[in-house]
Amino acid sequence: MALRHAVLAALLDGEYSGYELTKTFDLGVANFWHALPQQLYAELSKLEKEGLVAGRQVVQETRPNKRLFQVTDAGRAELERFAAAPSKPSSIRDDLLVKVQTADRIAAAPVIQQLEERAAAADAKIELLGKILRNMRGEADEEEFLLRGEGIGGYLTCLRGLAFEQGHRDWCLRSAAILRERQANRAGS
């Protein structure tokens, strides 16, 4: 997947400025695609040149003018082609896993600390994703929302982000506990 598809997908919900798009990425798309604000602005420019998004200038009296972008018919067609193409299996690429891999041969204390920090970061993300999911479904319970709610794609990707963070947190905590126990057993031997 290219950043272009993530930007086009984010713009399907409406017309956004670059700043608003950045916020949208932070709250929703970041579950499956990370991009810096500079990358988003550069991608918007490329997409506009290719005719996949259309931008318009909005004059504001008390603030600087802004540009709003929306997906064009050509952009929707590009997303249709992207959605129809086979997806590649995902893979994990994480430097913390390399550190855990070496835990038998190096001091484990720094690795344990990093695992616990990652677990805490995952907990914060779990809380945020839970709030986002509750806001998306409003008064509906989850099953009702999944059957009849609007914005189901965003909801499902948020659910995936939640499951990922929960699994990651649980793995980090378990790994830290195992390494700590092994460290204690070695010290007691």
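Residues are numbered from 1 along each chain as its sequence is written, and side-chain values use heavy atoms, with hydrogens and water left out. Because the model is predicted, local features need pLDDT of at least 70 and side-chain atom pairs count only at pLDDT 80 or more, while totals for chains, interfaces and linings use all residues.

**The cores**

Let us start inside. A nonpolar core here is a set of buried Ala, Val, Leu, Ile, Met, Phe, Trp, Tyr and Cys residues joined through side-chain atoms within 4.5 Å. Buried means under 20% relative accessible area, exposed means over 50%, and partly exposed lies in between (1.4 Å probe, protein chains only). The largest nonpolar core has 18 residues, and Val7, Leu8, Leu11, Leu21, Phe25 and Leu40 have the most contacts inside it. Helix 1 (3–11), helix 2 (18–27), helix 3 (37–49) and strand 3 (66–71) each supply at least two residues of this core. Helices (H or I, at least four residues) and strands (E, at least two) are DSSP runs, numbered from the N terminus. Helix 1 gives the most to this core, with six residues.

Which residues does leucine 11 contact, leaving aside neighbours within four places in sequence? They are Tyr16, Leu21, Leu44, Val53, Phe69 and Val71, where contact means heavy atoms within 4.5 Å. Apart from this core lies another, of ten residues, including Leu96, Ala108, Ile112 and Leu115.

Threonine 72 sits in the loop between strand 3 and helix 4 (73–84). Threonine 72 is buried, with a relative accessible area of 18%. Not counting residues up to four places away in sequence, threonine 72 touches Gly51, Leu52, Val53 and Ala54.

**Salt bridges**

The structure holds 17 salt bridges, each a side-chain nitrogen of Lys or Arg within 4 Å of a carboxyl oxygen of Asp or Glu. Here are some of them.

| Pair | Closest N and O atoms |
|---|---|
| Arginine 182 and aspartate 104 | 3.3 Å |
| Arginine 186 and aspartate 104 | 3.6 Å |
| Glutamate 142 and arginine 137 | 3.8 Å |

Arginine 182 in helix 8 (residues 152–188) and aspartate 104, in the loop between helix 5 (95–101) and helix 6 (109–137), are 78 residues apart, so their pair links distant parts of the chain. Arginine 182 is partly exposed at 39% relative accessible area, and aspartate 104 is partly exposed at 46%. Arginine 186, also in helix 8, is 82 residues from aspartate 104. Arginine 186 is partly exposed too, with a relative accessible area of 47%. Glutamate 142 counts as partly exposed at 28% relative accessibility. Salt bridges that share partners also join Asp94, Asp95 and Arg118 into one network.

**Helix 6 and the surface**

How far apart are the end C-alpha atoms of helix 6? They are 42 Å apart, which agrees with the 42 Å that its 29 residues should span at 1.5 Å a residue; the expected span is 1.5 Å times one less than the number of residues. Among the buried residues of helix 6 are Val111, Ile112, Leu115, Ala119 and Ala122. Glycine 138 follows helix 6, and its phi is positive, near 60°.
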